[in-house]
Amino acid sequence: MSKLLDGRVALVTGASRGIGEAAALALAKAGAHVIAVARTGEGLARLDSAISLGGGTSTLMPLDIKNASGIANLAKTIDMRFKRLDVMIANAGILGTGVPSDQIEPAVWDDTIAINLTSNLHFIRAMHPLLKKSDAGRAVFVTSGIAWRGLPGLAAYAASKAALNALVQAYAIENESTKLRINLFSPGATLTDLFVTAFPGADMTTVATPEDVAEKLVEACLPNLTENGKVYEFRQKKWLSLMPPA
Ligand code: NJP
């Protein structure tokens, strides 16, 4: 029986745990060959075993995404082996800091911006030519509702995601007339390490599982997707426009 993403080549960042791991597994179940990026070898190896167990295939790419030349080299490797990239889920992210804005250490700020924002520019620069070689390139960038809200203690995180929104919106508009479809995805509260660190006192029974979120992430990668320059809001289960302020 054919699957929705049979034969597609899909890159997922932050695939060693949480939403990225679940998304990588779901993409493989849908038939894609998954290129899994993260720093933690153990998490990547666990993903690889789970994908193999389900009859899928993956390539593990241990990489710190702060390393721009590492991302450029990864693109060269993908080009040599696959000649194209059909799907990119740019999901890796960190929370940064839990302290008020006036106490944010510059090094923590820089790290948060480097991972949550600048790495995605490097992925766009490196992977764009490969996505264009696909007959239906799909890029999905994982943002956060916190970008739209001031949440005490999460200024660096909010700023990095708000800037990511602006970057991705521009990238999507630039490619409106191409075969690429480029969007943001806002998962909302999801039971992962990041969420537990951010909200240790939260009622964990009411938050989404990474597997629920992954199912919708896969839908945002399908060749027949028409949305572009939008954000999928997981809790509302709908695509929203990034509206300017009134
Ligand atoms: O986080 P977590 P989530 N180089 O901590 C990777 C957004 N979001 O799944 O390198 C390479 O379980 C890290 O891998 P490793 C959120 O902002 C979440 O919750 O091995 N990879 C791991 O695989 C983020 O964009 C919620 O440590 C790096 C992954 O990132 C995305 O969802 C709500 C890296 C993080 O896994 C996934 O977050 C929301 C680096 N330098 C948005 N640094 C939520 N969970 O509630 C980190 O609205 N990674």
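**Exercise 1.** At what angle do helix 1 and helix 7 pack, and how far apart are their axes?

*Solution.* Keep in mind that we're working with a predicted model.

Step 1: Find the two helices. Helix 1 covers residues 18-29 and helix 7 covers residues 210-219.

Step 2: Read off the geometry. The angle is about 55 degrees, and the axes sit 8 Å apart. That makes helix 1 oblique to helix 7.

Step 3: Check the handedness. Helix 1 crosses helix 7 in a right-handed way.

**Exercise 2.** Work out how helix 4 and helix 5 are arranged.

*Solution.* Step 1: Helix 4 (residues 106-133) packs on helix 5 (residues 155-174) at about 20 degrees, with axes 8 Å apart.

Step 1: Angles under 35 degrees count as roughly parallel, so helix 4 and helix 5 are roughly parallel to each other.

Step 2: The crossing of helix 4 past helix 5 is right-handed. Among the residues in contact are Trp109 and Leu117 of helix 4, plus Tyr157 and Leu164 of helix 5. By class, the contact has 14 nonpolar, five polar and one charged residues.

**Exercise 3.** Which residues come nearest to the ligand?

*Solution.* Step 1: Out of 31 residues around the ligand, the nearest are Arg39, Thr40, Asn91, Tyr157 and Thr192.

Step 1: Now look at the backbone. A backbone N or O atom lies 3.0 Å from a ligand oxygen atom for Gly14, 2.9 Å for Ile19 and 2.8 Å for Thr190.

Conventions:
Residues are numbered from 1 along each chain as its sequence is written. This is a predicted model: local features need pLDDT of at least 70, side-chain atom pairs count only at pLDDT 80 or more; totals for chains, interfaces and linings use all residues. Side-chain values use heavy atoms; hydrogens and water are left out. Axes are lines fitted to C-alpha atoms, for helices over the stretch in contact, and angles run from 0 to 180 degrees between N-to-C directions. Helices (H or I, at least four residues) and strands (E, at least two) are DSSP runs, numbered from the N terminus. Angles under 35 degrees count as roughly parallel, over 145 as roughly antiparallel, 65 to 115 as roughly perpendicular and the rest as oblique. A crossing is left-handed if the near helix is turned anticlockwise from the far one by less than a right angle, and right-handed if clockwise. A residue is near a molecule or strand if one of its heavy atoms lies within 4 Å of it. A polar contact is a pair of N or O atoms within 3.5 Å; within protein, one must be able to donate a hydrogen and the other to accept it, and residues adjacent in sequence count only if both atoms are side-chain atoms. Contact means heavy atoms within 4.5 Å. Ala, Val, Leu, Ile, Met, Phe, Trp, Tyr, Cys and Pro count as nonpolar, Asp, Glu, Lys and Arg as charged, and the others, Gly among them, as polar.
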